[in-house]
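Here's a quick briefing to read with the model open beside you. Have a look around the fold, then work through the points below.

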Amino acid sequence: MPPSFVGTPYFGYIYEVSVPGSEIYTVSAKDGDQGNPNPIYYSIVNGSDGVFDINSTSGCISLSTHPSMLKNELYEIKVKASEIGPNSQPLDYDITTVTVRVVDLNNHPPTFYGENGPQSKFEVTMYEHPPAGEILRGFKITVNDSDQGANAKFKLRLVGPSRVLRVVPQTVLNEAQVTIIVEDASGIDYEKGPTLSFKLLAVEIDTPERFSATADILINLLDTNDNVPIFTSEYYIARVPENSPGGSSVVAVTANDPDSGSWGEVKYTIYGSGSDLLKQESLHLLATLLLKQLTPKWLQDVS
């Protein structure tokens with residue numbers, strides 16, 4: 001009777017913490033001749049790819065290299081069990097398959113990278129009111145999870161003022177270049193605040209550990225001349241006694257422009273009927289009635 005393997009099918013596992021020489025699985029075969037069994041010799045027929053060894057007498061399959069050098073996630077090793085005759089002559093044999101799976105441990109969290117390595121804060125300076133859909137090219141962000149398979153799958157999202165920015169992609173496997181896009185330009189307004197702050201999150205999806213990473217996103221805004229001066233009142237009423245001397249103050253009006261620097265400076269002019277009888281002073285409009293220019297008819301009209 002030929003030999004036969006017992007306990008099949010065979011499944012073995014390799015973990016990334018394994019080292020060369022680690023035992024993967026031990027196969028076992030018995031000679032069918034129970035009364036006078038011959039010794040069994042084990043060998044690998046194919047499928048080893050040079051990374052597995054087998055003990056010819058015990059049937060122990062071991063790893064011959066470091067797991068990081070393995071090219072496949074699944075190996076199917078053909079193992080042969082041969083009877084050895086009295087003169088060390090191979091006799092009958094049996095062949096079986098050992099399925100070996102490379103198992104990744106989830107021991108790496110997602111990590112954000114800048115141009116010079118791991119980074120947890122990214123900052124850019126830009127003008128307010130960019131158009132919707134514009135990519136913020138000042139950011140150079142990469143995210144990576146060096147685990148494999150489902151252990152390296154994670155989601156990206158931005159936490160901050162809602163609907164102002166969005167991140168692409170939203171789901172990542174292993175590694176991706178992070179792109180931040182303007183969604184609502186009205187939220188990027190210097191007058192509402194010179195800076196915008198967000199949190200960029202990367203959270204694993206299908207792992208029990210749910211490893212995550214966080215990076216600060218800071219946007220410094222530059223002002224543009226996007227506002228017009230607005231008077232503090234829609235209209236002003238002034239009353240002037242007819243005997244007021246020249247140089248008397250008639251009314252003071254004020255306008256504000258929320259832009260910064262010279263864009264926020266306001267200058268005043270006066271025009272309309274009788275404007276030649278008034279003058280403006282300072283940056284605020286102090287309309288002053290000049291009595292020496294008045295004609296009796298104009299005084300009568302004012303009265």
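Predicted model: local features only at pLDDT ≥ 70, side-chain atom pairs only at ≥ 80, totals over all residues.

**The salt bridge**
- Asp216 pairs up with Lys199, and their closest N and O atoms sit 2.4 Å apart.
- This pair ties together distant parts of the chain: Asp216 belongs to strand β19 and Lys199 to strand β18, 17 residues apart.
- Side chains of opposite charge can pair when their charged atoms come close.
- Asp216 has 30% relative accessibility, so it counts as partly exposed.
- Lys199 is partly exposed too, at 38%.

**Strands around β19**
- Strand β18 (residues 195-204) runs antiparallel to β19, and nine bridges join them.
- One spot to look at is Val203, whose bridge partner in β19 is Ser212.
- Strand β12 (residues 121-127) runs parallel to β19 (residues 212-222), with seven bridges joining the two.
- Val124 stands opposite Ile219 of β19.

**The nonpolar cores**
- The largest nonpolar core has 30 residues, and Phe112, Leu165 and Ile219 have the most contacts inside it.
- Several strands each supply at least two residues of this core, including β12, β14 (153-159) and β17 (175-182).
- β19 gives the most to this core, with five residues.
- Leaving aside neighbours within four places in sequence, Ile219 touches residues including Val124, Leu136, Leu165 and Phe198.
- A second, separate core has 20 residues, among them Ile40, Val51, Ile61 and Leu63.

Notes: Residues numbered from 1 in each chain as written. Heavy atoms only, no water. Pairing = 2+ DSSP bridges. Helix = DSSP H or I, 4+ residues; strand = E, 2+ residues; numbered from the N terminus. Salt bridge = Lys/Arg side-chain N within 4 Å of Asp/Glu carboxyl O. Buried < 20%, exposed > 50% of the residue type's maximum accessible area, 1.4 Å probe, protein only. Core = buried A, V, L, I, M, F, W, Y, C linked by side-chain atoms within 4.5 Å. Contact = heavy atoms within 4.5 Å.
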